[in-house]
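Let's take a friendly walk through a protein model. Have a look at the sequence and the 3D view before reading on.

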Amino acid sequence: MMFQKIAVLGAGTMGHGIAQLFAQNGIYTAVYDPSTQALENAVGKVQRNIKLSLNMQESPAATSEQIESKLLYTSNLSEAISEADLIIEAAPEKIEIKRELYRQIAPLMKAEAVMASNTSTYALEELASGVPFADRMIIMHFFNPASLVPLVEIVGLSNTDKEILEQIAGLLVQCGKAPVILNRDIPGFIANRLQAAVMREASYLLENGIADARQIDTVMTEGLGIRWVMSGPFEIADYGGLDVWEKVTGHLFPELDTRITAPDAIQEKVRNGQLGVKSGSGFYDYGDEEQRNRLSEERDQRWIQLLQLKERTGKSQEKLE
């Protein structure tokens, strides 16, 4: 299947980044949101992100005007999905909102169009239940910032045509992504299960006074994170020696936190309205909106620099081989 037009439903945190990704790769992309304010915010964020990305490239393949010409922002659902080959739902994580959206788009979408959800919460079987396009519905789980983080998790149902999954994976590879097709659906998929396991233990260390948030984050960014950029847990275990890891895990697993509820440290912040960057404070203070925008831009700059370094390292490795 040729993906000549893509529709992204939802112009929020994930939606505008997903749309930017495909536009930067020359694919006409419509961004739908019922809120004109959300669309206006998305326009500003995409323009800023495109400018930032181009400024950090030595020889950009396209101008900002060429990229932006591939984007349509609309509050008209029919206009957004008309003739779309791929529709990506990036609506809020509320099942009733998603189901109502599916009901609305069912009579409007092309018969052969693929419908994907960016959900990180709901099982595909639950989302696809009762919808007429269930045989062409999948999950494409992007990560924030969607235009930069390479990983995308792809999930299908047991009866999903494997060709659809491979076509979506091929599209993502063309756009510079690193797609992973799961063998079956599971709550949290792969990445969020691993992140949740780390967050549970990090919260335990914080709540028990072993270290503060900054110290724990430093351990991740200056130690584990750097290792994980180049090697996953199984490769690291292989290099360290599985006999060593047998002892390490056997000794530590009984000592690790085993709670089955959200960490107290997070629940307390939420009760106090400290939601992180979106509210101005969480485990850290982020200041006013202007300061938050600057911090987000600095974060994206670091992402671009890291990806550029990773790409150069990969090319150097290929030459050695």
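The report below covers the sheet, a helix on it and the nonpolar cores.

## About the model

This is a predicted model, in which local features need pLDDT of at least 70 and side-chain atom pairs count only at pLDDT 80 or more, while totals for chains, interfaces and linings use all residues. Residues are numbered from 1 along each chain as its sequence is written, and side-chain values use heavy atoms, leaving out hydrogens and water.

## The sheet

Follow the strands (DSSP runs of E, at least two residues, numbered from the N terminus) across the open sheet: the 8 of them come in the order β3-β2-β1-β4-β5-β6-β7-β8, with mixed pairing. Two strands count as paired if DSSP finds at least two bridges between them. At the edges stand β3 (71-74) and β8 (178-181); each has a single partner strand, so one side of each is left without a neighbour in the sheet.

Strand β7 (residues 151-155) runs parallel to β8, joined by 4 bridges. Within β8, Pro179 is the bridge partner of Val152.

## The cores

A nonpolar core is a set of buried Ala, Val, Leu, Ile, Met, Phe, Trp, Tyr and Cys residues joined through side-chain atoms within 4.5 Å, where buried means under 20% relative accessible area (1.4 Å probe, protein chains only). The largest has 36 residues, and Phe22, Leu86, Ile138, Met140, Phe142 and Ile168 touch the most other members. Helix α7 gives the most to this core, with 6 residues; a helix here is a DSSP run of H or I, at least four residues.

A second, separate core has 29 residues, including Ala7 and Leu124.

Terms used: Buried < 20%, exposed > 50% of the residue type's maximum accessible area, 1.4 Å probe, protein only.
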